[in-house]
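Have the viewer open while you read.

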Amino acid sequence: MTRKIQVPLFDLKTQYAELKSEIEPALREVIESQHFILGPQVDELEKEIADYCQARHAIGCASGSDALLLALMAYDIGPGDEVICPSYTFFATAGAIARLGARPVFIDIEPTTYNLDIAALEKAIASCTQLKAIIPVHLYGQAVDLDAVIALANKARVPVIEDAAQAIGATDARGIRVGVRGAIGCFSFFPTKNLGGFGDGGIVTTQDETLAQKLKILRVHGMEPKYYHSHLGINSRLDALQATVLRVKLRHLDRWHHARQKNAAFYDRFFLEAGAQDTSTPLAQNSKLALRIPKGTTSPATHIYNQYVIRVPSQKRDALRTALAENGIGTEIYYPVPLHQQECFAYLGYKAGSLPESEAAARETIALPIFPELTQEQLEHVAQNVVAFLHK
Ligand SMILES: *Cc1c(COP(=O)(O)O)cnc(C)c1O
């Protein structure tokens, strides 16, 4: 009798079991101190994240969504302003723009990396009259072409706010970690990110002292000194328990990145040997194995694989998901509806077909389990099931 292999999309329990003896005493100390909001643990985490990213300043906040909101607030972005971002991303990227009353200007993605398309960015910049910022997203853990984005932003005289929520530690084509070359880097510590807390959390990075001071004030209701409010801020403080967990986990982050990269390399090899296409060719509906594997970056750029996303013909995607689920394999669709087609953004007037690559990606992509603790048996189970289904 064969044992049924289960492969969830994430398995945070294994990681917790490994780190329990490091995390629990550290948490107990914080609980004994009864100091829960900001404070020494948050200060230390900010120093360690700044150091890790090679940024001058890091300012903790309540979530990655708030990191984006605070970054836009630091530039006083509001009604009448335009901010460019990709349509194919998590909602928070554009939610922050619209929440401040500004207008998200959605652009299409480049179909092999799923990151924003540089030609589309150039076009959008030319079409804007009130452009105030550009938010590139390092989707799935892979850096966008920052050289090109920054050059275009400099020409347009607007800041680049990097949505690095999925990409802490990933490096760009120059070998520089994401979140430092733009004006502000925004990171999330949501539990399923490569560096995840025991709840919500986020951080912003910047090289600029003035911006850093403003961001610090904005996260505490625009208050400095106590009870004197120079700015209209928000309540977005990181708590000491989260910072404590994150400080322990940060020590393991590079090891986890490497494990994810190793898992991705296994899938790549397995799928290529089975006859899958890599990303350099368009998805052929009639190929031997109609599947495109992600475009991994080459040194010095690194992909940290927050997600490992393959691409299959749209008419097979949902059936593949069901077949994998029946075999105990968890998957997810990141993202089924691009932002320009979301109901809450209908007022922006984007038509179906207006951003075709984002729309195609929404129909054809599926994320496979990639977490660091996957066993060889689990990896093989996933890869074999994907290939078996698509060969049918
Ligand atoms: C997770 C994520 C966010 C938001 O982070 P939260 O901590 O969940 O608020 C923003 N942008 C992207 C691309 C994300 O993946």
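## Largest pocket

The largest pocket holds about 380 Å³. A pocket here is an open set of points on a 1 Å grid over the protein atoms alone, where a 1.4 Å probe fits, with protein on both sides within 12 Å along at least five of seven lines; lining residues have an atom within 4 Å of a point. Points are joined across faces, edges and corners, and the volume is the space filled by probe spheres set on them.

This is a predicted model, so local features need pLDDT of at least 70 and side-chain atom pairs pLDDT 80 or more, while totals for chains, interfaces and linings use all residues. Numbering runs from 1 along each chain as its sequence is written, and side-chain values use heavy atoms, without hydrogens or water.

Of the 24 lining residues, Phe90, Gln166, Phe190, Lys193 and Tyr335 sit nearest the centre.

## Second largest pocket

This one has about 260 Å³ of space. Its lining counts 16 residues, with Thr113, Gln142, Ala143, Val144 and Asp145 nearest the centre.

Beyond four places in sequence, Phe106 is in contact (heavy atoms within 4.5 Å) with residues including Cys85, Ala94, Leu339, Phe345 and Leu355.
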